[in-house]
Amino acid sequence: MFQNESYADFSQPGNRSAMRDALAAVRAEFGREYELLIAGARLKTAEKLRSLNPSRPGEVVGIHQKATAIEAGQAVEAASAFFPEWSRTPAERRAELLSNAARMLHRRKLEFDAWLVFEAGKTWPEAEAETCEAIDFCDYYARQMLRFASPPELVQLPGERDRMVYLPLGAVVVIAPWNFPLAILAGMTTAALVAGNTVLIKPSSDAPTVAAKFVEVLLEAGFPERSFALLTGSGGAVGDALVDYLLTRLVAFTGSRAIG
């Protein structure tokens, strides 16, 4: 039975101490460079995107690549090519991988809280609530996929034999916002993945490190490297290219009117 992830109570000394340790561990990773991930290959570009701590703009949280329309096209082509294989993966296996991701997010919960504090400017309780929501998305969508894989019998009319089947679409572009860079990104990405689609992840340029860390969780959980891609960079350069590409079958996004 589905249950929401429990929130850590930071009024408890033990939880406060553990959170301080997580903040220190995350701070030790400041300034690390992260690559694009396309078809399992890790790529660098000439231009870089520096993600800053909004509370201390002099601190570089992470260094990321500025993808272009060229990398966007390569990613969509690769995702479309892998879609037939991924879509035929049994729903039970896809749900199992997503359940793995939920457990790994739970294990790394305070770490993700710390990244949200540093990169998105969240308070401790706000970060905790968002990470818990991401865990809930993973757990809930895994359970829902099992339900959708065995839809109920339809009412049969005389002379007919009807059935209902849910079909994945293909390559899905996910454009995540800056204000919930983990929960909303995780929700849109995992819903598409567990349904059998391949996914192109385009995080907010204000919080790309959170997305890179979430990609680590997906890989650790066992999702094939070719089932998704990570493309960082400006919306005008890479986001538009992903949305406009001929093989893109669906766009999931949360953002401003300009993003829409």
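Which residues does Met164 touch, not counting residues up to four places away in sequence? Met164 touches Pro151, Pro152 and Leu154, where contact means heavy atoms within 4.5 Å. The model is predicted, and for that reason local features need pLDDT of at least 70 and side-chain atom pairs count only at pLDDT 80 or more, whereas totals for chains, interfaces and linings use all residues. Residues are numbered from 1 along each chain as its sequence is written, and side-chain values use heavy atoms, with hydrogens and water left out.

Met164 sits in the loop between α5 and β6 (171-175); helices (H or I, at least four residues) and strands (E, at least two) are DSSP runs, numbered from the N terminus. With 32% relative accessibility, Met164 counts as partly exposed, a class that falls between buried, under 20% relative accessible area, and exposed, over 50% (1.4 Å probe, protein chains only). The C-alpha atom of Met164 is separated by 30 Å from that of Tyr245, 81 residues apart along the chain.

The empty space in the model can be considered next. Rolling a probe the size of a water molecule over the atoms shows where empty space is left. On a 1 Å grid over the protein atoms alone, a pocket is an open set of points with protein on both sides within 12 Å along at least five of seven lines, a cavity is a set of points where a 1.4 Å probe fits but cannot get out, and lining residues have an atom within 4 Å of a point. Grid points are joined across faces, edges and corners, and a volume is the space filled by probe spheres set on the points.

The largest pocket holds about 530 Å³ of space. Its lining comprises 26 residues, of which Arg94, Met145, Tyr166, Leu167 and Ala195 are the closest to the centre. At least two lining residues come from each of α3 (91-107), α5 (124-149), α6 (183-194) and β9 (248-253), and α5 gives the most, with 6 residues. By class, this lining has 21 nonpolar, 3 polar and 2 charged residues, where Ala, Val, Leu, Ile, Met, Phe, Trp, Tyr, Cys and Pro count as nonpolar, Asp, Glu, Lys and Arg as charged, and the others, Gly among them, as polar.

Helix α3 also contains Ala95, which is buried, with a relative accessible area of 3%. Ala95 touches Ala142, Leu146 and Val194, not counting residues up to four places away in sequence. Ala95 and Leu193 are 98 residues apart in sequence, and their C-alpha atoms are 9.4 Å apart in space.

A search of the whole structure finds 1 cavity of 30 Å³ or more, and the largest cavity contains about 30 Å³ of space. The largest cavity is lined by Ile38, Ala39, Ala75, Ala78, Ala79, Arg226, Phe228 and Ala229, which divide into 7 nonpolar, no polar and 1 charged. Both α2 (69-87) and β8 (228-230) supply at least two of the lining residues, with α2 giving the most, at 3 residues. One of the lining residues, Ala39, lies in the loop between β2 (36-38) and β3 (41-43). Ala39 has a phi near 55 degrees, a positive value in a residue other than glycine, and is partly exposed, with a relative accessible area of 36%.

A nonpolar core is a set of buried Ala, Val, Leu, Ile, Met, Phe, Trp, Tyr and Cys residues joined through side-chain atoms within 4.5 Å. The largest nonpolar core has 55 residues, and those with the most contacts inside it are Leu105, Ile201, Phe214, Phe223 and Phe228. A second, separate core of 16 residues includes Ile38, Ala79, Val173 and Leu200.

Phe214 belongs to the buried residues of α7, which also include Pro208, Val215 and Leu218. In total, 11 of the 14 residues of α7 are buried. The 14 residues of this helix (residues 208-221) should span 20 Å at 1.5 Å a residue, and the end C-alpha atoms are 20 Å apart, which agrees; the expected span is 1.5 Å times one less than the number of residues. After α7 comes Gly222, whose phi is positive, near 110 degrees.

Helix α8 (residues 235-244) contains Leu242, which is buried, with a relative accessible area of 0%. Leaving aside neighbours within four places in sequence, Leu242 is in contact with Ala72, Val76, Val173, Leu200, Lys202, Leu231 and Thr248.
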